[in-house]
Amino acid sequence: MLNRGFCFLLCAALLAALSACGAQEPAESPAASTGGSVAASEPSRPAQSSSLRELYMGAATSEGYYFIDPIQNSDGSVTLMYLDFAKGVELPLCSSPGCPHNGPECPANLPASGGGYVPLAVGEQLVLVYTGAPSSSQDLGEGALPRIETMEPDGSGRTPIIRFESGQELFDPYITDGQNLYCNLMTTKGGQTTKELVCIDLTSGEMTALCTLDDSVGETLSGACGEAFILSSYNKQGQRVFLRMDAASLQKEELMTISPDISTYRLENGQLYYIAQNQLHALDCASLDDTVVCELDPLSEAQDALLGSSRDGHVLMLLDDYETGETSYFVIDTATGEQPPFTLAYSSAMGSQRPVVILAKVPGQEVYLVETGETMVDVQTTGSDGTAVTVQIPRPMHALISVSDYWSSNSNYTKIQSDF
């Protein structure tokens with residue numbers, strides 16, 4: 001079972017972390033062709049010397065960050081946004097004077113899809129994944145089908161490279177070797193569901209199924225390390241099992257079974273952190289080295305320890321106390337084992353306390369882009385009786401902070417201004 005800390009932080013990050021493109025010139029209209037094929041005879045597997053890298057659901061380049069505004073337009077479309085690191089401003093991917101950014105004529109507009117939009121940065125190329133939503137096919141038609149588009153960092157050359165079929169959905173994580181994109185593909189036809197690990201060539205759009213995943217035991221792509229994919233499934237006892245699969249040979253070997261003595265775990269960047277018998281362990285999925293990071297204080301029956309973000313030699317730990325209803329946060333230094341309190345937090349729109357979450361690391365710099373709060377936006381909608389209703393929807397606030405300041409809880413932010 002995934003720990004709640006992981007799910008919580010992921011949801012908080014996803015609120016602010018979906019796609020967009022540069023803001024220099026208007027984006028061109030997508031090409032009309034359907035792009036690549038969904039069938040191939042031989043898998044386009046990465047070479048043994050290639051390194052697989054997991055992509056986060058918000059595209060960070062050395063210049064800026066691409067995401068989707070969480071507030072939908074009245075027609076169900078969304079706005080592609082760009083956050084310029086140097087200028088400290090976020091704005092729609094549109095340079096048309098006076099444009100309201102809420103209609104199909106706006107270059108920053110993405111049509112309603114029913115599913116999610118996932119922006120990914122692969123080298124200097126921006127990749128936009130429409131995950132698909134078969135349940136919305138009756139209302140949206142082809143708009144509910146998964147597809148993938150690529151574009152230049154400034155938003156130009158936006159081109160669909162592959163469209164998928166009815167009944168298909170794409171699922172994270174998204175992994176790249178610099179040329180191809182790898183992810184989970186689920187297909188439901190005639191009441192039967194199949195799940196595959198697929199490889200999509202980002203130049204040609206050609207897709208190949210590398211292997212079929214056993215969905216009856218929840219087998220799924222979960223991550224990557226070096227030249228291997230990390231899969232997970234469940235055994236007959238209902239325990240989660242992590243496997244390492246060589247990207248070239250597709251041979252599998254077991255990494256770890258999450259046994260009852262493991263209270264919580266987190267897989268990130270090829271490291272599997274877990275707590276067992278009041279010790280934090282780190283399993284390197286490439287070398288298989290399993291080390292004890294530090295000893296932890298014993299928990300009472302009313303307490304529950306959860307693992308959050310793990311980056312740059314640090315792990316965020318969340319401690320829930322069910323008697324007091326409070327959650328406290330600690331940083332674990334994986335080099336020294338020190339556990340200072342983590343105090344960077346804000347009150348959500350619902351009044352709950354949330355830790356400041358990392359959305360991305362600025363490539364080439366020791367700087368994080370983080371979510372530091374929320375601002376409420378009035379949105380006009382229609383009530384069940386057909387009358388106009390104004391509702392408030394939270395929009396995340398962003399800032400930059402150095403890696404050292406973040407992990408030492410020093411709120412030395414460079415705030416990002418919103419021009420929207």
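**Aromatic pairs and cores**

Author: Eight aromatic pairs turn up in the structure. Keep in mind that this is a predicted model.

Reader: Take Tyr 406 and Trp 407. What kind of pair is that, and why?

Author: Edge-to-face, because the planes of Tyr 406 and Trp 407 stand at 85° and the cut-off for that class is over 60 degrees. Their ring centres are 4.9 Å apart.

Reader: Buried or exposed, those two?

Author: Tyr 406 and Trp 407 are both buried.

Reader: Which aromatic cluster are they in?

Author: One formed by Phe 342, Tyr 368, Tyr 406 and Trp 407.

Reader: What about charges over rings? Where does Arg 147 lie?

Author: Over the face of Tyr 130, at 3.6 Å from the ring centre.

Reader: Switching to packing. How many residues are in the largest nonpolar core?

Author: It has 19 residues. Val 129, Ile 148, Leu 181 and Ile 200 have the most contacts inside it.

Reader: And which elements give two or more residues to this core?

Author: Strands: S8 (117-122), S9 (125-130), S11 (159-163), S12 (168-176), S13 (180-189) and S14 (192-201).

Reader: Back out to the whole protein. How many helices and strands?

Author: Three helices and 33 strands.

Reader: How much of the protein is buried?

Author: Buried residues make up 53% of the 420 residues. The accessible surface comes to about 18,800 Å², with 48% of that belonging to carbon and sulfur atoms.

Reader: Now confidence. What does pLDDT average?

Author: The average is 84, and 87% of the residues score at least 70.

Reader: Which elements have the lowest and highest mean pLDDT?

Author: Strand S1 (residues 18-19) has the lowest, at 32. Helix H3 (residues 403-407) has the highest, at 97.

Reader: Where does pLDDT stay under 50?

Author: Over residues 1-49. The model has 156 contacts beyond four places in sequence for that stretch.

Notes: Residues are numbered from 1 along each chain as its sequence is written. This is a predicted model: local features need pLDDT of at least 70, side-chain atom pairs count only at pLDDT 80 or more; totals for chains, interfaces and linings use all residues. Side-chain values use heavy atoms; hydrogens and water are left out. Rings of Phe, Tyr and Trp (its six-membered ring) pair if their centres lie within 6.5 Å; planes under 30 degrees apart count as stacked, over 60 as edge-to-face and the rest as tilted. Buried means under 20% relative accessible area, exposed over 50%, partly exposed in between (1.4 Å probe, protein chains only). A charge sits over a ring if NZ of Lys or CZ of Arg is within 6 Å of the ring centre and within 35 degrees of the ring normal. A nonpolar core is a set of buried Ala, Val, Leu, Ile, Met, Phe, Trp, Tyr and Cys residues joined through side-chain atoms within 4.5 Å. Helices (H or I, at least four residues) and strands (E, at least two) are DSSP runs, numbered from the N terminus. Accessible areas come from the Shrake-Rupley method with a 1.4 Å probe; for residues, only the protein chains shown count as cover. pLDDT is the predictor's confidence in each residue, from 0 to 100. Contact means heavy atoms within 4.5 Å.
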